[in-house]
Amino acid sequence: MIALTEPVLAKVTALSGTELPAYLYDLGALRDHAAFVRAALPDAVELYYAAKANPEPEILAALSDIVDGFEVSSGGELAHVAKAVPQRPLAFGAPGKTLDELTAALEHGVHRMHVESATELRMLAALTANRPASAPIGVLLRVNLAVDGGALADSALAMGGRPTPFGLDPAQADALAAELADGRYPGLRWHGVHAHLASGLDAAELVEVAASIVNWSTALAARHGVELTEVNVGGGMNVDYTAPESRFDWRAYGRGLGRIAEANPGLRLRIEPGRALTAYCGWYATEVLDVKLSHGTEFAVVRGGTHHLRTPATKGHDQPCAIVPVDSWPHPWQRPTAGQQEVTVTGQLCTPKDLLAQHVAAPGLRAGDRVVFGLTGAYAWNISHHDFLMHPSPTFHFLGGLPAGTV
Ligand SMILES: *Cc1c(COP(=O)(O)O)cnc(C)c1O
């Protein structure tokens, strides 16, 4: 269960039945949270938002004056973010960048290119060969580092130090660093290293990971006689779906990054969280269509389902939710009502995987009551398989607009 905030409860209550299911994004709450995150970080740390977590233009605009830039992971995201928040610094990472995507990124004037393979460096070198040396493209080498400690081993989305298509194997990094350091590519300027190694870590673990990345990067740069000026230590700050009121410890993380920054004067650190910035501002509201008992388990079938909110199916968790009782029942037939203490909430899809939450304590839940899922502001609507079964799309609502004077 999750507590609804006052603006969300007011909006859910005000929505007409035909507007359900609905995604609500509380932009005021998002801005407050992002400002808190920014304030917890030292000045030496730049905060980018990983747009793939939720690229709704209103979300990007709400974050625009709080974050230092945006991380994009495809040519599509690059064009979309550049349009939604013009003139903001962009960092472009992704395996398998195409020549067209790199060309578009250069035309856009991307702030940082995260180079993930030798092929990509060749393409970039060719595309920038005639660039004036006074306006080089800034490059970070993305490296798939193995960092010490148990932190990464347990992470469900760990991508560092194991075989993945992301970034360079550390054994290849020296060869590319040597090319970037010897001046043969006047159109490129090498600033440092990027490493996004896992998602779902807590602050202490992520500080350890950041320290390892910085140490490794410092040694790499030293081997090539280059001053290390930037390290991007990625995103991956945990969102705990089992404890919706808890938050990643941004203050502890900020203090840890502050210690790393102090030990490395002149080094700019950058982070690029996705989920931990936007998850909390999103809500998926719907209504119970039917309640039924099946072999001892009581099911509440809601309008919509995992084709709108795939997160619980993907991550294998129960999406935290709240019930908003609706007392009127307009039909002459009996109102379906839960008889057990707990229900399993499913959607309308014809697959047993369409599970939104199990063990929801909702005694007396009735058809027509509204169910509101929290923590749906990241990797939710945009990762879902919308067209499966051809149900209608949800409606979208943005609460708490931007203060006057912003875009
Ligand atoms: C997905 C991604 C992020 C954001 O990850 P979160 O777990 O949402 O914080 C950051 N950097 C890169 C390169 C990514 O692929």
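**Asn144.** I looked up the side chain of Asn144 and found one of its polar atoms 3.0 Å from the backbone oxygen of Arg162. I took a polar contact as a pair of N or O atoms within 3.5 Å; within protein, one must be able to donate a hydrogen and the other to accept it, and residues adjacent in sequence count only if both atoms are side-chain atoms. Asn144 sits in the loop between strand E6 (137-142) and helix H7 (170-181). Helices (H or I, at least four residues) and strands (E, at least two) are DSSP runs, numbered from the N terminus. Asn144 counts as buried because its relative accessibility is 11%; buried means under 20% relative accessible area, exposed over 50%, and partly exposed in between (1.4 Å probe, protein chains only).

**Basis.** I note that the model is predicted: local features need pLDDT of at least 70 and side-chain atom pairs count only at pLDDT 80 or more, while totals for chains, interfaces and linings use all residues. Residues are numbered from 1 along each chain as its sequence is written, and side-chain values use heavy atoms, with hydrogens and water left out.

**His33.** I located His33 in helix H2 (residues 27-40). With a relative accessible area of 14%, His33 is buried. Leaving aside residues up to four places away in sequence, I find that His33 touches Arg247, Trp250, Ala276, Leu277 and Tyr280; contact means heavy atoms within 4.5 Å.

**Backbone.** I then checked the peptide bonds and phi values. Most residues other than glycine have a negative phi, and most peptide bonds are trans. Leu20 and Pro21 are joined by a cis peptide bond, with omega about -5°. Pro21 belongs to the loop between helix H1 (6-14) and strand E1 (22-26). His295, not a glycine, has a positive phi of about 50°. I place His295 in the loop between strand E10 (282-294) and strand E11 (297-302), and at 86% relative accessibility His295 counts as exposed. Met390 also has a positive phi, near 60°. The loop between strand E15 (370-373) and strand E16 (395-399) holds Met390, which counts as exposed at 75% relative accessibility.

**Whole chain.** I recorded eleven helices and 16 strands in the chain. The radius of gyration is 23 Å, close to the 22 Å given by the globule rule for 407 residues, so the chain is as compact as a globular protein of that length. The radius is taken over C-alpha atoms, and the rule is 2.2 Å times the number of residues to the power 0.38. Of the 407 residues, 53% count as buried.
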